[in-house]
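The sequence and the structure are shown first.

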Amino acid sequence: MNPIVFPGLGLTFQIERVAFSVFGKDIYWYGIIIACGFLLGVLCACHLTREWGLKSDTVLDMLFFAVPIAIICARAYYVIFYQSLYYNADGTFDWAEAVAIWDGGLAIYGGIIGAAVTCFIFCLVRHHKFGAVADVCAYGLLIGQMIGRWGNFVNQEAYGDTCTAVWRMGLTLQNGTYIEVHPTFLYESLWNLLGFLLLYFIVRKHRKYDGQIFLCYLFWYGLGRFFIEGIRTDSLYLFDTGIRVSQLVALVTVLVTVQILVIQQFRKHPAEKLLVNSPQSELLEEQGAAPEECREEAVPPTDNPPEVSADAEEPEKAGGEAQPSAAAAEETADTEEPDKTEGNSPEAEEPPKDSGEAPAAE
């Protein structure tokens, strides 16, 4: 691989695509970076499940279906909008090349669409609340995309038009041409990092309804992707229209989500409607209790004395050995005739005089 340079910053990187080999099979840095981003995203999502009223098993079970479907959809998105790459010279379609995902060619928007649809169907079948599950997964998506873009850096791909800025990136193409371009992989990685920080430290504290975080994620990522996609040189186009597909999807996503967010902002959202505060919280299944954060005082404090059981009101009459407690005697003094059986204390036989003051608590 040719070196990657940042001449304005005085940085040079010489990175090989192959990290190591196992039994003759090459393991690429691209795959390792994508896997790390995925694992960190899953860990973050599982960490937030209890706060959202979910169990981590719910997210893991959903990912079991969503991940393979997301990969298929990401590949299908790429192939559909880059069909010319997979036609043979005789005009026949090369299905073998179309499914060879190990050769590259995955579109993130296709993966997001596939994962979202799978998550919705999973929640519908398993009776989970889609908004809460989507909110948790939004953080994982941002982490995965933030880290995954560095796989493009290693592969020297997903870069932009020529650039003269201080942070410009210098690449040497296969034909030996040297170019200095926008490091769009870096732009998107930093944009996702900023989005994660905003959603985690600010929006999360003001979350009013399930699905709010996911809507904010769609808006934030779409807004950044719309502008970044406009300067990339490897965009997928809507067939022969000259319209960048991902830019169009990003624009539609921003317009739709911003309308939903504005409408929801003016609606009332009672706290008990959040899954974590509702009786449907999955955490209630664990040891029959909800987490401390969402517990409410079921019975307000009261100054009335507790009720006295029948056993406490009547002293035992067997042999005169059992004595009624002082508290029971004081509770029943004004309503009952004290029991004058043999063995009772003199104090219990004579009711206390009404002094107009409540007895002092011990």
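This is a predicted model: local features need pLDDT of at least 70, side-chain atom pairs count only at pLDDT 80 or more; totals for chains, interfaces and linings use all residues.

Residues are numbered from 1 along each chain as its sequence is written, and side-chain values use heavy atoms, with hydrogens and water left out.

Helices (H or I, at least four residues) and strands (E, at least two) are DSSP runs, numbered from the N terminus. Strands E3 (residues 18-22) and E4 (residues 25-28) run antiparallel and are joined by four bridges; two strands pair if DSSP finds at least two bridges between them. Val18 lies opposite Tyr28 of E4, and Val22 has Lys25 as its bridge partner. Two residues separate the strands of this hairpin, and Phe23 adopts a positive phi near 55°.

**Helix H2.** The 25 residues of H2 (residues 56-80) should span 36 Å at 1.5 Å a residue, and the end C-alpha atoms are 35 Å apart, which agrees. The expected span is 1.5 Å times one less than the number of residues. Buried residues of H2 include Met62, Leu63, Tyr77 and Tyr78; buried means under 20% relative accessible area, exposed over 50%, and partly exposed in between (1.4 Å probe, protein chains only). Among the elements that cover the buried residues of H2 are helix H1 (29-48), helix H4 (108-126), H5 and helix H8 (245-265). Ser246 belongs to helix H8 and counts as buried at 6% relative accessibility. Beyond its neighbours within four places in sequence, Ser246 is in contact (heavy atoms within 4.5 Å) with Tyr77, Tyr109, Arg225 and Glu229.

**Core and helix H5.** A nonpolar core is a set of buried Ala, Val, Leu, Ile, Met, Phe, Trp, Tyr and Cys residues joined through side-chain atoms within 4.5 Å. The largest such core has 62 residues, of which Trp52, Met62, Tyr139, Met169, Leu199 and Tyr217 touch the most other members. Helix H5 (residues 130-155) supplies the largest share of this core, 13 residues. In H5, 22 of the 26 residues are buried. Gln156, which follows H5, has a positive phi near 55°.

**Aromatic pairs.** The structure holds 24 aromatic pairs. Rings of Phe, Tyr and Trp (its six-membered ring) pair if their centres lie within 6.5 Å; planes under 30 degrees apart count as stacked, over 60 as edge-to-face and the rest as tilted. Two edge-to-face pairs are listed here.

| Pair | Centre to centre | Angle between planes |
|---|---|---|
| Phe130 and Phe214 | 6.3 Å | 80° |
| Trp150 and Phe153 | 5.5 Å | 70° |

Phe130 lies in helix H5 and Phe214 in helix H7 (residues 212-229), so the pair ties together parts that are 84 residues apart in sequence. Phe130 counts as partly exposed at 26% relative accessibility, whereas Phe214 is buried at 13%. Trp150 and Phe153 are both in helix H5, three residues apart, about one turn of the helix. Trp150 is partly exposed at 35% relative accessibility, and Phe153 is buried at 7% relative accessible area. Phe130 and Phe214 also belong to one aromatic cluster with Tyr109, Phe120, Tyr217 and Tyr221.
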